Amino acid sequence: MATPSEPARRGDEPPGRDPARDPSPPGEASRRLRRIEWDAITGVMMREVINFGAAWKQGVFASTVQPVVYLLAFGLGFGQLVHRVDGHDYIDYVSTGTVATAVLFSTAFNAMFGSFVKREFQRTYDAILSTPVDVEELVTAEVLWLAVRGGLFGSVPILVGIAFGLDPAWTTIFVPLVAMLTGFGFAASGTLISAVVGSIDDFSYVTSALFTPLFLVAGTFFPLTGLPLAFRILAELNPLHHCVELVRDCTFGDVDPTDLARVGALVLFAALMWWGAVDRTRRRLIA
Amino acid sequence: MTRTLPCVASALSVTALRKSFGSVHAVAGLDLDVPEGTCVGLLGPNGAGKSTTMRMLTGQTRPDSGEISVLGFRLPRESKQARAQMGVVPQLDNLDTTLSARDNLRIFARLYRVPAAERDAAVARGLEIARLTARADAVVTALSGGMRRRLLIARALLHGPRLLLLDEPTVGLDPQVRQELWAMIDGLRTEGTSILMTTHYIEEAERLADTVTIVAAGEAVDEGPPAELVARHAGREVREVYGPPARLEEVEGAARAAGFSTRRTGTSVAILGAEGAGDRLPEGETRASRLEDVFVKLTGEEVA
């Protein structure tokens with residue numbers, strides 16, 4: 001809410017005043033900058049884009065080759081034993097499933113290591129926070145950038161699948177969006193984890209105990225229907241599982257109302273992780 | 001006290017600032033004032049709370065208590081507005097080392113909200129200030145320590161800040177590079193930028209600062225123009241007496257008994273304000289008093 005004095009003050013300003021060249025004297029300039037500003041977010045994202053431009057080959061390689069290796073190993077390897085799963089060719093089943101894996105690799109891991117290095121070793125965050133950028137803008141920008149990247153890289157397995165004969169429904173155009181939404185949550189998770197661990201070596205615990213089970217028990221390589229009930233319930237708490245199911249429904253053209261609930265679950269996951277990442281990063285950076 | 005005239009506004013003022021980390025009182029009731037258009041040196045030994053103070057001025061550390069006003073903005077609440085109008089040069093180089101000098105400046109022109117139409121000109125001017133126009137596309141890792149530091153300073157000036165915070169601007173650099181940076185900083189002050197600079201190099205404070213605030217254990221012990229501080233605490237002349245440790249102790253005792261203050265220099269005892277003492281003091285070499293004498297006298301002989 002504007003206080004009554006604000007419009008009056010604005011009216012007092014001499015006409016034709018150029019604020020850039022003639023900054024308001026102290027005291028008068030108590031104009032509040034908004035809490036989260038788009039300019040600050042795009043500024044931080046631009047830094048990421050320029051850095052990505054300097055190392056894009058490594059980025060693309062790391063984020064796409066690994067899931068494609070999984071796809072080929074499982075799809076072609078297991079494909080000799082298993083021909084059809086849930087009414088689909090196994091290779092199609094796996095290529096749609098590995099979208100989630102690709103998203104995880106390109107977002108959570110990058111966020112975890114990237115934010116740790118930028119915070120502790122390169123002191124990039126100190127540099128950024130000495131400009132008019134606050135922690136919530138910094139975190140939002142970096143997570144958003146990783147989500148966009150994850151959305152694009154995450155869709156690569158679908159292209160590989162098409163090369164191996166996958167016949168995508170028109171709803172496949174939503175796959176990058178699903179990947180982006182999932183990526184937002186996982187990039188924020190990575191940032192959150194980075195802000196709570198003591199040292200960079202602690203990431204080994206997270207990778208083995210959290211991310212590996214998450215991507216294996218997501219319905220990527222085998223259906224969860226045959227698992228004990230407890231596992232199936234746990235899987236419903238796994239955001240990667242929702243991602244996998246959404247990507248499959250989009251690609252195979254089986255979109256139904258449950259998918260809306262899955263989108264809701266991913267939105268909730270993204271929002272919670274974003275909040276946690278902002279909060280924990282702030283505590284870590286601002287003493 | 002040689003405070004500024006009341007009509008001169010403060011670019012930065014700090015009152016009774018406190019910050020503790022656990023049982024360590026990093027900043028313990030610091031008062032500080034940077035009148036507009038002047039350069040103030042925050043001079044103190046390692047661990048005196050200089051860096052913590054600098055971080056509180058950018059909102060990166062929250063004070064436990066005390067008032068901070070930067071360019072008329074109250075911190076920490078309005079720190080973002082303050083940051084939009086000030087430039088910060090950190091002690092530790094935090095450039096993007098895999099990027100070129102130009103890209104480093106492009107990113108910060110954006111972060112400092114330089115309007116899109118003026119951004120290219122701001123980057124070109126920054127490269128000129130850093131004298132890196134010819135090496136604009138060189139990756140930071142290929143630049144020398146002096147070049148990197150100039151780039152770091154130029155990065156903080158992209159948006160034409162009214163206040164510049166310099167944290168140990170020449171630490172770890174060669175004397176030649178240091179002199180070059182001093183010329184650069186002096187030029188900025190001449191152009192009207194207010195500057196707060198921390199340093200533990202006495203010569204740096206002596207050459208650049210209009211006013212020096214000496215800090216020890218998180219508190220300002222005294223402030224004033226360097227020459228006044230010297231006159232106030234060390235007089236015009238210092239008599240240095242050399243000798244073996246036992247002799248030094250003896251000299252120290254005698255000088256103090258005669259009402260003089262002394263400081264150790266490592267190899268000698270320096271008796272401060274020795275002008276006109278004649279043979280009331282032991283014989284020694286006479287020299288002009290320096291800010292270093294004041295520094296050691298006020299911040300203690302031993303650094304924790």
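What is the mean pLDDT of chain B, and what percentage of its residues reach 70 or more? I found a mean of 90, with 96% of the residues of chain B at 70 or more; pLDDT is the predictor's confidence in each residue, from 0 to 100.

I noted that this is a predicted model, in which local features need pLDDT of at least 70, side-chain atom pairs count only at pLDDT 80 or more, and totals for chains, interfaces and linings use all residues. Residues are numbered from 1 along each chain as its sequence is written, while chains are lettered from A and ligands numbered from 1 in the order in which they are written.

Over residues 1-31 of chain A, pLDDT stays under 50. The model has 15 contacts beyond four places in sequence for this stretch (two residues are in contact if their C-beta atoms, placed from the backbone, lie within 7 Å).

I then looked up two helices (DSSP runs of H or I, at least four residues, numbered from the N terminus). Helix H6 (residues 135-154) of chain A packs with helix H12 (residues 257-285) of chain A at an angle of about 130°, their axes being 9 Å apart. Axes are lines fitted to C-alpha atoms over the stretch in contact, and angles run from 0 to 180 degrees between N-to-C directions. Among the residues making the contact, I listed A:Val139 of H6(A) and A:Trp274 of H12(A).
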